[in-house]
Structure formats: C-alpha cells, structure tokens
Amino acid sequence: MAFDSSGIERGADGIARYSDRPPSLVAMLRATVDRVGDREAVVELGAERITYAQLWDRAARVAGGLKGAGVGAGDRVAIRLGNGADWVIAFWGVQLLGAVVVPVNTRFASSEVTYVLEDSGASFVFEGGNALPDGDPVVAEGAEPDDLAAIFYTSGTTGFPKGAMLTHANFLANCETARRVVGLPREVDLRTLVSVPLFHVTGCNSQLLVACELGGTTVIMPAFEVKAFLDAIFAERIDMLTTVPAIYWLAISQPEFAATDVSSVQWASYGGAPIAPDVVRRIMAAFPNARVGNGFGLTECSSIATFLPHEYAESRPETVGFAAPVVDLEILEPDDEGAGELLIRGPNVCAGYWRK
C-alpha cells in the first residue's frame, strides 16, 4: 500500500517534504479567503456562523487588540477557551499578529494550568467569559516555514506537561498528510464535525486547519452530547467525521441511530485509543457510504504519523496502518517478541520541547 507520493522531495538532511506547501499558516488562510471568502468557515452549533472573509476580518481585529495590549510578534499567547467560534478566531488572531499560540487543556488541574502559563511565559491569556480583544486590524504576513507557530503542552507519564514546539511547516505538512491519507480531493466543499477538543492536535491540526486550507466548513460542538452529534450529521450535511472510538460506539449504539440519515458521510476516521475489531466492522456498516480509516500519531508529530486506509480497516483493524507519505519509521532494538521503540522522522515532527 502506498499513499500519493507525488510532489515529495527528500532534502540533504534526509527528511522527505511536500514541495508545494505555503510558507505559513497565514499565507494558507489568505489564499483560502481570496478563493472562497463568502463560504462558511466555522459553525458553532447553537450559535454563530462565520464566513472565511468574516473570520479573517475578526481575527485581524483580535490581532490588533492583542497588539494594543502590548503583545508582540513571537510572544506566547494562551487560549483557555472551550470549543467554539471564539477559539478559532483567537487562534487565527494570534497567527495574524505573528505571535505563538499556546492551547491550554481545559481538563488540566489548576497546578498544571499554572505551570503551562508560567513555563510558556504567556503574555496574554484568552479566558472564558471575557470578550475577545479588539483593535484596528493587524496582519503580519512575513512568517517563514521554520518559525514557531504554537506550543502544544502534552502530558507524559510523570512530571508536568512538556511543550511541543510546532512550526508553520509542521502544521502545513500535517494538513497535506491528512488530505492524502484520507483521500480528500484538493477541491472539495468539506464539512467536518469537531466533537473532540480544539486544544488537541486532532481537533485543531487534523480537522480545523485541514478544512481551512481546503475551504471547507468546520462545524464545532461546544460540548459533546450524543443526540446533538447525530442531529448535526444530518442537519449540517456532514461529510467527514474524525473522532475517538468511544464516540463512534456511543453514537451507533443509540436506538435513534437507525433513523438518522448519515448518507452524507463520505469519510469516517478514528484514533486516539485502541479499538475492538467488532467496533470497526460496526462503523463500516453504520456509515456505508464512507471510507473508514485509523489515524495514529502524537502531539510531537503535529498529529498524524501513520494511517490505516479503508482497504485494510476490516481485515487488519488491530494495526495502525502505514507510514504517512513524508514519514520514515524505524523500530529500535526490538525484543524477542518484536516490541521496541518506534522512531519517527518527518517534516511533521516538532522542533523540540519548549525550554527543555
């Protein structure tokens, strides 16, 4: 099995890269706004709908508000907001200023939140219940691929969270990887339903940002509720689902699922936890028009490192598939049973840990 490998170049450092990536997230969004500015960019269920032109304008005003508050290019800005349109506007506002986004896990204990804010040196924090900062529009479009765009703090098994530093190139490599492994056309009026947190790389990097590049619509659940999940699939004409196995199992186990029109769903991917083979078969039966696949990765890889495509989902559901097109894999020092440390190399791998 080989994913689309066209337009890939391997540099002198040995790393394979897509050759057609924009220089920055801002350049990527600008291109989308110019192409489909009047198309819906973000829908917050039960709240507002925002076009790409509106998203750009509101994010630019947030950038201006941040500048007025003393935030400058390269400064870290923390987002402590729940899922919703404000989270997206805040993210893009920080990018348009040329600052660095620090998404904060809303499930962190207070001690972890304090650590993240202090360790990152955040100069501004978006807090729930507060209006987004507002000012004269500011757009800094000079970011380079290797410039830092965000710091995602990821919890390990011991100690405080570590800040994975993601560059613009990391984000953009993952966008293209997500498109290729799932099999999304370059021109598609995508409508993806975000039921996982935006502070995580799955919701942000492999759903929101992929849709932003393709000019699709990101439909956001402020909080997960299974009936709202099922209602949204039909009401919002969702064609792409990406979520954890537990949510699929819960959704397809509802008595009302049989009466729910899910014919619009063309892609259904899962990840983030092991999945029973029987659940995979149930997902495939529940969404008969969809290509089903399993993504595997981690925060340090900007999200996706490997993917199990539809052709193997039923026969090899216990696996996480094949390396993404620009990812090299190696198993270091396997033991007698074949288990070892998985090494991952690619343009999606983070630049390191902040201050580590």
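Residues are classed by relative accessible area: buried means under 20%, exposed over 50%, and partly exposed in between (1.4 Å probe, protein chains only). The model is predicted, so local features need pLDDT of at least 70, side-chain atom pairs count only at pLDDT 80 or more, and totals for chains, interfaces and linings use all residues. Residues are numbered from 1 along each chain as its sequence is written, and side-chain values use heavy atoms, with hydrogens and water left out.

Gly68 counts as exposed because its relative accessibility is 70%. Gly68 lies in helix 2 (residues 52-68); helices are DSSP runs of H or I with at least four residues, strands are runs of E with at least two, and both are numbered from the N terminus. Gly68 and Ala90 are 22 residues apart along the chain, and their C-alpha atoms are separated by 15 Å.

Thr177 belongs to helix 5 (residues 168-182). Its relative accessibility is 2%, so Thr177 counts as buried. Leaving aside residues up to four places away in sequence, Thr177 touches Tyr18, Ile304, Ala324, Pro325 and Val326 (contact: heavy atoms within 4.5 Å). The side chains of Thr177 and Tyr18 also make a polar contact (2.7 Å). A polar contact is a pair of N or O atoms within 3.5 Å; within protein, one must be able to donate a hydrogen and the other to accept it, and residues adjacent in sequence count only if both atoms are side-chain atoms.

Ile331 sits in strand 17 (residues 328-332). Ile331 counts as partly exposed because its relative accessibility is 46%.
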